[in-house]
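Let's take a walk through this model together, one region at a time. Keep the sequence and the 3D view open as you read.

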Amino acid sequence: MPLAPVDLSLIGQVLAADLYTEQGILLLGQNTTITPAHVILLQKQRVREVEIIQSLTEGTGEEVTSQLFQLDADSETVAAYVQALDKTRLLFDELTVGGAETLDHFSNIFFDVAEKSTKHLGLFRNLYVLEGADSYTYRHSLNVGILCSLIARLMKWDEERVAFMGIAGFMHDIGKMRVPKEILLKPGKLSEEEFAIMKKHTVFGYEMIREMKGGSELLALCALLHHERLDGSGYPEQRKGDSIPIECQVLAVADMFDAICSDRVYKGRTSPFEAAQLLWKEACNGILNVEIVAQFVRYIALLYVGAKARLSSGEEVEVILIHQDEPMRPLVRRMGEFLDLRHDRKLTIEKMIG
Ligand SMILES: [Fe+2]
């Protein structure tokens with residue numbers, strides 16, 4: 001069994017053997033999943049290394065956790081996000097071994113963080129400043145849930161539908177828990193056969209939600225159809241236009257936005273500005289719903305007023321004013337002077353840095 005150092009990287013790992021103090025008192029039992037409190041306990045007991053069970057996981061979340069706490073988002077919201085991330089990992093991992101969960105398990109985790117993150121925009125703005133592909137599926141699920149309920153609000157849907165969209169976003173990828181880990185976590189490009197298996201996560205998700213106590217047909221359809229595209233280029237059913245429920249069209253926008261902003265899918269990180277621009281292009285090409293993308297892009301643009309960004313030239317600037325007609329080319333301040341990116345067209349916003 002491998003030995004692991006007692007630090008934050010231990011969170012989420014599973015102990016391979018019972019751990020005793022020097023006096024022979026049992027500290028932690030075999031198969032304990034390490035929490036932050038356990039790390040503190042072990043450090044207090046001056047335990048330097050522990051034996052862990054080697055497992056293929058998506059990472060422990062500690063990288064994200066430590067970065068989140070360095071952000072200036074309000075601490076209660078950050079704590080809620082970190083906690084939700086932790087619980088998401090445990091719940092989703094249970095699905096890999098076939099645990100039949102109920103919808104309530106998912107709702108309970110999601111709604112606390114959803115409520116806080118839509119009220120306190122600090123967290124939302126900072127979601128995409130985080131580096132690293134750590135815990136990708138869990139984070140992606142939480143983020144897409146938050147984004148979906150946000151879009152539903154922007155579309156002026158009633159609170160019941162806002163809540164539905166949040167949970168639909170949170171659960172849209174649960175089918176991935178039935179995709180073999182070697183494929184799900186494979187670094188680099190998937191082969192054609194592997195990609196065909198990966199695509200099945202939509203069908204798996206549909207089945208899992210239908211079997212779940214509390215799951216509805218529409219919720220299951222959201223998992224099934226979130227990769228469909230308006231022009232019929234998506235999967236698994238190559239549906240076109242209105243045959244894709246509007247809820248799934250919202251999900252497609254949120255899913256693509258989070259995927260672009262996270263480094264896992266597109267090499268090198270993309271700023272939310274660039275991501276929004278890409279979504280806009282997809283909408284103009286008849287792939288995504290124009291009305292949904294327009295509402296979302298306008299919101300993203302406004303959210304980033306006052307944020308710090310790095311230009312393609314490498315300079316740091318502050319976003320001052322967002323133009324209604326071209327939100328992705330805002331007026332920025334560079335060392336005291338103003339720069340209108342509508343006029344300096346060689347420069348683009350490359351990365352948000354705070
Ligand atoms: Fe997906």
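The buried residues of helix 13 are covered by parts that include helix 12, helix 14 (290-303), strand 6 (316-321) and strand 9 (349-352). Contact here means heavy atoms within 4.5 Å, and helices (H or I, at least four residues) and strands (E, at least two) are DSSP runs, numbered from the N terminus. Before going further, note that this is a predicted model, in which local features need pLDDT of at least 70 and side-chain atom pairs count only at pLDDT 80 or more, while totals for chains, interfaces and linings use all residues. Residues are numbered from 1 along each chain as its sequence is written, and side-chain values use heavy atoms, with hydrogens and water left out.

Which residues of helix 13 are buried? They are Pro 272, Phe 273, Ala 275, Ala 276, Leu 279 and Ala 283, where buried means under 20% relative accessible area, exposed means over 50%, and partly exposed lies in between (1.4 Å probe, protein chains only). Looking down the axis of helix 13, you will find its buried residues within an arc of 160 degrees, so they line one face of the helix; the arc is that of the directions from the helix axis to the C-beta atoms. Lys 281 and Cys 284, on the other side of helix 13, are exposed. After helix 13 comes Gly 286, with a positive phi near 75 degrees.

Now turn to the iron ion. Its protein donors are Asp 173 (OD), His 201 (NE2), His 226 (NE2) and His 227 (NE2), at 2.2 to 2.4 Å from the ion. Donors are N, O and S atoms within 2.8 Å of the metal (3.2 Å for Na, K and Ca); water is not among the atoms, so sites may look incomplete. Along the chain, the donors of the iron ion have the spacing D-x27-H-x24-H-H. Asp 173 sits in the loop between helix 7 (159-171) and helix 8 (181-184), and His 226 in the loop between helix 11 and helix 12, so this pair ties together parts that are 53 residues apart in sequence. Asp 173 counts as buried because its relative accessibility is 1%, and His 226 counts as buried at 0%.

The loop between helix 11 (217-225) and helix 12 (246-261) also holds Pro 236.

Next, look for salt bridges, each a side-chain nitrogen of Lys or Arg within 4 Å of a carboxyl oxygen of Asp or Glu. By this rule there are 12 salt bridges. One of them joins Arg 89 to Asp 86, with the closest N and O atoms 2.3 Å apart. Both residues belong to helix 3 (residues 75-96), where Arg 89 and Asp 86 are three residues apart, about one turn of the helix.

Finally, visit Met 335, in the loop between strand 7 (331-334) and strand 8 (337-340). Met 335 has a positive phi, near 45 degrees, in a residue other than glycine, and Met 335 is exposed, with a relative accessible area of 80%.
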